[in-house]
Every structure is written in C-alpha cells, then in structure tokens.
Amino acid sequence: MSSTSLTRRIAFGSLPPLVAALPAITLMLAWSDRLPEPSATHFGADGTADGFSSVAALLWSSLGLAVLLAAVFGTISAARTTRFLLGVSWAASVLAGATALVVVLANVDAVDASTVRLSPLPLLLALVMAVAAGVLGARVAPAGVLAEAPVTRGGSLDLAPDERVAWSRSVTSAPMQAIGTSLVLAGVVVALVVQTFPGVVVAAAGLLSLVFSSARTTVDGRGLTVAVGPLGLPRWHVPLADVGSAVAGDVSALGRFGGYGYRIVPGGSGVILRSGEALIVTRASGRTFTVTVDDAETGARLLTGLLERTES
C-alpha cells in the first residue's frame with residue numbers, strides 16, 4: 001500500500017470522530033452564556049436529569065472522547081483496513097457526536113439544570129443517524145488491501161486404519177478486539193456522562209464484538225468443531241458423516257460474507273473473523289461452512305483423509 005493510500009485510509013478512520021464532535025463543541029463555546037452552570041449531563045430512564053457537570057467538564061469530555069475514538073480508529077485503519085471497520089468508525093463517531101449535541105441542546109436557556117429533560121426521541125434519531133453513517137462509510141471507504149480472489153487447495157492425509165489424529169488452531173481478530181474495547185470504553189463514558197441506557201447498549205455491542213473476536217477450530221474423528229470466545233460458546237459442529245468435501249481457500253470477509261462474526265450467505269454460512277486463509281467444508285446438503293483459520297490446508301487435508309478412511 002502506497003504512503004498516499006495509507007494516509008488516506010488513516011484520515012478516513014480518524015477524522016470522522018473529530019468532525020462529528022465539532023457541532024456540539026462549537027455550540028458549547030458559542031452558547032456558554034446560555035448554558036446553566038452546572039449543566040445536566042446525565043439523565044434517568046424517564047428523561048429527568050440526575051447528574052450534573054460544569055460546562056468546561058462537558059466540553060473536555062466531548063473533546064477527549066473524540067480524540068480517543070480518532071486514535072483507535074486511525075490505528076485500526078493503518079493496519080488491516082476493511083470497509084466494514086471504517087463503517088464502524090463512522091457509526092461510532094456520529095453516535096458520540098450526536099449524543100453530545102443532544103445534551104447541549106437540551107440544556108440551552110435552562111435556568112435550573114435540574115428541570116432539564118431529555119426525550120428518548122433525539123437519542124433514537126442519533127442512533128438512526130449513526131447506522132446510516134456506518135452504511136455510508138462502508139460504501140464510500142477506500143478499497144481494502146486484502147486479496148479478494150478465492151484460491152482453493154485440496155488433497156488428503158494418509159491415515160492408518162486405527163490411527164487417532166486431531167488438529168486444532170485458534171485465531172484472534174485484532175481489529176474486532178480494538179473495536180470491542182473502544183465501544184466498551186465509549187459505552188462507559190456515555191453511561192456515566194449522559195444516560196445509562198444508551199451507554200449500556202453501546203457497551204453491550206462492544207462486549208459482543210470481544211466475544212466474537214477469537215475462535216478455536218478443531219478437526220478430529222468427530223468432524224469439524226468451531227468454538228467461539230474464551231468460554232467456547234457459541235459452538236458450531238459439522239459431523240464427519242455430514243462432510244462432503246473440505247478444501248483450504250482465501251476468502252474475503254466483506255466481499256463474500258458481508259462482515260464479521262457468524263455469517264449466513266446464499267449457499268452457506270461461516271465463522272468469519274478476518275479475510276484470508278479459511279477452511280471450507282461442503283456439507284452433504286451442498287451448503288458450505290467456512291471458518292477463517294491459519295494453516296487451513298492441514299485441517300482440510302486431515303478432514304479429507306478422515307472422510308476417505310471412513311468411506312474405504
């Protein structure tokens with residue numbers, strides 16, 4: 001990737017948090033004399049204010065969150081960039097910026113901050129805007145650097161009739177861990193500074209991303225098993241009797257599966273943590289099950305050897 005392309009991708013990931021925070025920060029500076037001191041910055045489930053901060057604290061927390069998100073997504077963009085990840089950065093940026101703006105607008109011209117109320121409608125609108133921004137960002141983002149063309153490799157391992165064998169590899173998605181961590185941090189900040197419920201939603205999305213950021217793939221006499229996360233749950237299993245064929249190949253997470261995690265696509269499904277090397281199993285029904293994993297060729301050859309031994 002050229003230095004120009006790298007700069008462009010870093011800018012595409014890091015600038016949205018800063019741009020999205022500008023409206024709220026600008027209004028805080030321009031309307032400082034119209035905001036109550038302290039201002040309402042945290043709200044209960046019924047929309048009533050139950051937490052307060054100085055205008056300066058609200059300003060610095062908004063700026064700090066924008067800088068944090070810019071650093072996280074800029075770093076992600078500099079590594080293994082994909083349109084999906086850049087779309088996530090746009091969505092998180094708009095959600096953070098719009099939430100801060102909603103809080104500022106709720107406080108404008110309030111004589112007593114304890115009387116300020118925050119309707120759930122603006123927060124819902126902010127969430128819709130975030131989703132729309134994420135979709136737009138993923139569509140207009142610069143192309144990724146990962147191979148898109150599928151390359152498959154087959155073959156089998158020779159196994160003795162009574163030989164017991166097993167192969168297991170784990171894979172971790174650094175971008176998904178970075179996204180999960182940033183969303184958890186952003187959720188905690190939103191819950192503490194603005195309102196509990198939207199913060200919990202954002203943090204829960206982050207935890208889900210962290211759970212799906214790793215998986216262990218195992219091939220043995222029982223077939224193929226994929227266990228996700230530190231607890232090995234959820235888990236998917238393809239019995240050996242259901243295996244029609246197995247090959248290793250290169251897949252595109254976005255081009256073939258449209259994203260990360262457990263994916264269902266026409267003709268198959270898969271556990272996709274990244275683009276690149278994957279074990280692809282065609283089941284007896286003709287549908288495929290794909291899992292991205294290193295050294296997938298060994299897993300495919302072993303699965304094919306087990307299948308041939310069973311059929312001989």
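Four strands form an open sheet in the order β4-β5-β6-β7, with antiparallel pairing. Strands here are DSSP runs (E, at least two residues), and helices are DSSP runs as well (H or I, at least four residues), both numbered from the N terminus. Two strands pair if DSSP finds at least two bridges between them. The edge strands are β4 (166-172) and β7 (235-239), and each pairs on one side only. On average, neighbouring strands of this sheet are turned by 10° against each other, direction ignored. The model is a predicted one: local features need pLDDT of at least 70, side-chain atom pairs count only at pLDDT 80 or more, and totals for chains, interfaces and linings use all residues. Residues are numbered from 1 along each chain as its sequence is written, and side-chain values use heavy atoms, with hydrogens and water left out.

Strand β6 (residues 223-228) and β7 are antiparallel and share five bridges. Within this pair, Ala227 stands opposite Arg235 in β7. Helix α8 (residues 296-311) packs on the sheet and touches β4, β5 (214-220) and β6. Contact means heavy atoms within 4.5 Å. The direction of α8 makes about 30° with that of β5. Axes are lines fitted to C-alpha atoms, for helices over the stretch in contact, and angles run from 0 to 180 degrees between N-to-C directions.

The largest nonpolar core has 37 residues. Such a core is a set of buried Ala, Val, Leu, Ile, Met, Phe, Trp, Tyr and Cys residues joined through side-chain atoms within 4.5 Å. Buried means under 20% relative accessible area, exposed over 50%, and partly exposed in between (1.4 Å probe, protein chains only). Val219, Leu224, Leu279, Val281 and Leu303 have the most contacts inside this core. Its largest share, six residues, comes from α8. Leu224 touches, among others, Val219, Trp236, Val238, Phe289 and Leu303. Another core, of 23 residues, lies apart from the largest one; Leu27, Ala49, Val108 and Ala110 are among its members.

Arg274 sits in the loop between β10 (268-272) and β11 (276-283). Arg274 counts as buried because its relative accessible area is 14%. Its side chain makes a polar contact with the side chain of Asp294 (2.9 Å). A polar contact is a pair of N or O atoms within 3.5 Å; within protein, one must be able to donate a hydrogen and the other to accept it, and residues adjacent in sequence count only if both atoms are side-chain atoms. The Arg274 side chain also reaches the backbone oxygen of Val293 at 3.5 Å.

Overall, the protein chain has eight helices and twelve strands. Of its 312 residues, 48% count as buried.

Methods. Lists of a residue's contacts leave out its neighbours within four places in sequence.
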